[in-house]
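Thanks for taking a look at this one with me. Here are a few points to follow as you turn the model around.

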Amino acid sequence: MSTPSRVSPIAWLVAPAGLFFLLFFLVPFGVMALFSVLSGNPVQRPNVTLTGRHYDRMLGDSLYIESLWSTLKIGAVTTAAALLLGYPLAHWLARMRSRGGHALLLMAVIAPMLTGIVVRTFAWITILSDRGVINATLTGLGLLLAPLPLMYNELGTVIALVHIYVPFMVLTLAGVIGRIDERLEEAAMSLGASPMRAFLEVTLPLSLPGILAGSLLVFALAISAYVTPYLMGGQQVLTLPMLIYQQVAATFNLAFAGALGVVLLAVSLILIVAYNHVLGRVARREDLA
Amino acid sequence: MPPPLPTASPASITLERVTKRFPGGVVAVDKIDLIVEPGEFFSLLGPSGCGKTTTLRMIAGFEAADEGRVVVGGRDLTHVPVHHRDMGMVFQSYALFPHRTVAENVAFGLRMRGVARPEMAARVASALAQVKLEGYEARRPAELSGGQQQRVALARAIVIRPPVLLCDEPLGALDRKLRQAMQVELKELQRALGVTLVFVTHDQEEALAMSDRIGVMNSGRLEQVGAPADIYDRPRTRFVAEFIGEINLIEGRVHDGGFIAADGRVLPVSSEKGEGAAALALRPEKLRIVSSGAGVIDGVLSDASFLGDQVLYTVTLADGRRLLVKERNPGTGALRQNGSTLGVRWEPRDAVILRNA
């Protein structure tokens with residue numbers, strides 16, 4: 001008899017995904033992180049040394065610090081707005097009894113994702129720009145003298161990002177909310193909780209894992225977005241991905257681009273861990289000892 | 001505003017022509033009239049889809065009645081929302097809050113009512129003691145067995161001292177032994193609290209064992225309301241007769257104060273008024289096997305099933321119909337022989353006549 005294998009044969013099925021992750025994430029990230037602390041390209045120049053000058057340059061230049069702050073702010077505001085807009089929609093979707101209605105709403109949530117990000121961003125430009133639908137209507141009616149600054153700023157960037165990423169929030173939340181037993185809210189109501197109180201006491205805390213997952217997804221997508229901030233911000237809003245692209249494509253300074261990427265990743269990870277921690281604390285907090 | 005603390009005194013429940021229609025035109029509950037007395041243990045019994053759970057959910061306020069009134073303790077609750085009805089509810093799935101401990105689950109209703117902490121702690125402790133769950137305060141529902149979860153659900157419902165306790169198949173998920181133990185406990189608890197209890201079940205044995213009165217439901221209507229013995233011994237409709245226990249039905253008609261079977265044979269019944277098509281209903285344990293020719297009908301014994309305390313015999317009549325006969329286990333180990341010809345008889349007072357609707 002052969003000795004029983006310690007590894008389940010199913011486990012080998014994750015091998016392709018693992019290999020993909022290794023080749024196209026860990027290796028590039030390692031190379032990028034390595035470049036960011038080297039004085040030059042080791043392939044071209046054999047006598048490179050370790051250096052912290054790329055990080056010094058970033059920390060010493062307010063342009064990069066401000067754009068990091070702006071990136072994180074856009075990410076946080078986009079996540080918060082997507083959560084506030086997406087939660088009621090996800091709740092509605094998860095609790096819908098009619099199968100037809102459920103399918104229609106699901107289609108409505110997913111359909112925008114079938115259109116490219118560039119196309120959707122240009123749609124927002126036609127709505128929000130100085131001569132776009134909103135401003136043209138309001139000034140045409142004489143309600144405004146000058147157009148409202150709806151884009152080429154963080155507001156326009158956030159509006160477009162929320163629109164693009166809210167389906168990720170809705171789908172993640174709907175999955176979690178759909179698994180919460182509706183009888184729990186009924187039990188809470190039978191014990192004297194108003195429908196709103198029952199939601200706050202039962203469904204909301206039980207959907208925290210979905211809030212966490214959806215927020216992380218949207219935050220990660222929003223801080224790494226390039227096309228939308230580029231088009232909606234109109235060079236007035238500089239986010240870190242735009243500066244990284246500039247370093248790679250225009251300046252060819254791969255080491256400095258690597259340093260910017262490492263800092264963005266590190267700061268995001270710290271924020272994500274902190275967010276996770278706070279939500280965990282909220283979930284464990286109880287009103288009764 | 002949290003609702004005020006309810007008093008512990010049991011309330012009556014009155015349903016007046018209560019009707020519930022679901023989208024698509026299905027009438028789930030059809031003009032039900034029912035009065036449940038204060039302190040009564042009342043079971044709604046019926047097959048799945050008969051409307052018993054919908055009726056309970058209308059009393060609780062989870063479903064709005066399309067017609068009729070729901071009056072509890074003299075107060076018309078028809079348009080009062082769930083959270084102002086002050087009723088304890090135990091769900092089939094228990095519906096315990098998975099993110100809260102046992103103590104927090106039980107305290108929930110008290111917290112909603114703004115009960116002060118010392119009183120809350122005392123009442124949670126006494127409710128948990130009542131369901132014999134001391135020492136489990138800090139556990140989470142997922143760490144408890146099904147029976148223990150059931151007890152937490154019960155404690156959570158009774159801690160608010162509701163005048164009415166509603167139970168939706170609360171023992172359905174438990175295994176047989178535990179279910180029987182919980183039946184006794186629930187009955188004792190109900191007596192001790194003096195609460196009016198409405199119990200929904202599809203299990204006729206459970207309903208017979210626990211209830212003061214039973215309402216048998218079928219297709220959204222109450223077929224019969226009465227004490228367990230009443231329902232069992234004197235069923236008023238074929239549905240009730242067949243749904244509860246085993247029964248032999250012999251088709252025929254009532255004529256001249258007696259009963260004539262379809263084959264023309266006159267069968268013994270206590271005197272019956274009126275005329276018309278009917279069925280004669282006989283419980284298997286009311287039939288007796290006698291020697292051939294000495295009974296009302298002769299037949300051939302075609303099957304014997306040993307049930308432990310009793311033996312169930314199947315007697316096949318000349319026209320192919322079968323009668324079930326239950327006899328006490330004689331304890332001699334000897335069962336009657338298949339294939340033997342014998343007679344079956346019964347006392348006229350044990351025969352129930354069911355009129356065709």
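1. Leu280(B) stands opposite Ile353(B) in β20(B). Strand β14 (residues 276–282) of chain B and β20(B) run antiparallel, joined by 4 bridges. Strands pair here if DSSP finds at least two bridges between them; helices (H or I, at least four residues) and strands (E, at least two) are DSSP runs, numbered from the N terminus.

2. A word on the basis: this is a predicted model, in which local features need pLDDT of at least 70, side-chain atom pairs count only at pLDDT 80 or more, and totals for chains, interfaces and linings use all residues. Residues are numbered from 1 along each chain as its sequence is written, chains are lettered from A and ligands numbered from 1 in the order in which they are written, and side-chain values use heavy atoms, leaving out hydrogens and water.

3. In chain B, 5 strands make an open antiparallel sheet, ordered β13-β12-β11-β14-β20. β13 (266–267) and β20 (352–355) of chain B each have a single partner strand, so one side of each lacks a neighbour in the sheet.

4. Now find strand β7 (residues 164–168) of chain B, where 5 of 5 residues are buried (under 20% relative accessible area, 1.4 Å probe, protein chains only). Val164(B), Leu166(B) and Asp168(B) point one way, Leu165(B) and Cys167(B) the other.

5. β7(B) pairs in the parallel sense with strand β6 (residues 87–90) of chain B over 4 bridges; Gly88(B) has Leu165(B) as its bridge partner. β7(B) also runs parallel to strand β8 (residues 196–201) of chain B, with 5 bridges, and Leu166(B) is partnered by Val198(B).

Note on methods
Buried < 20%, exposed > 50% of the residue type's maximum accessible area, 1.4 Å probe, protein only.
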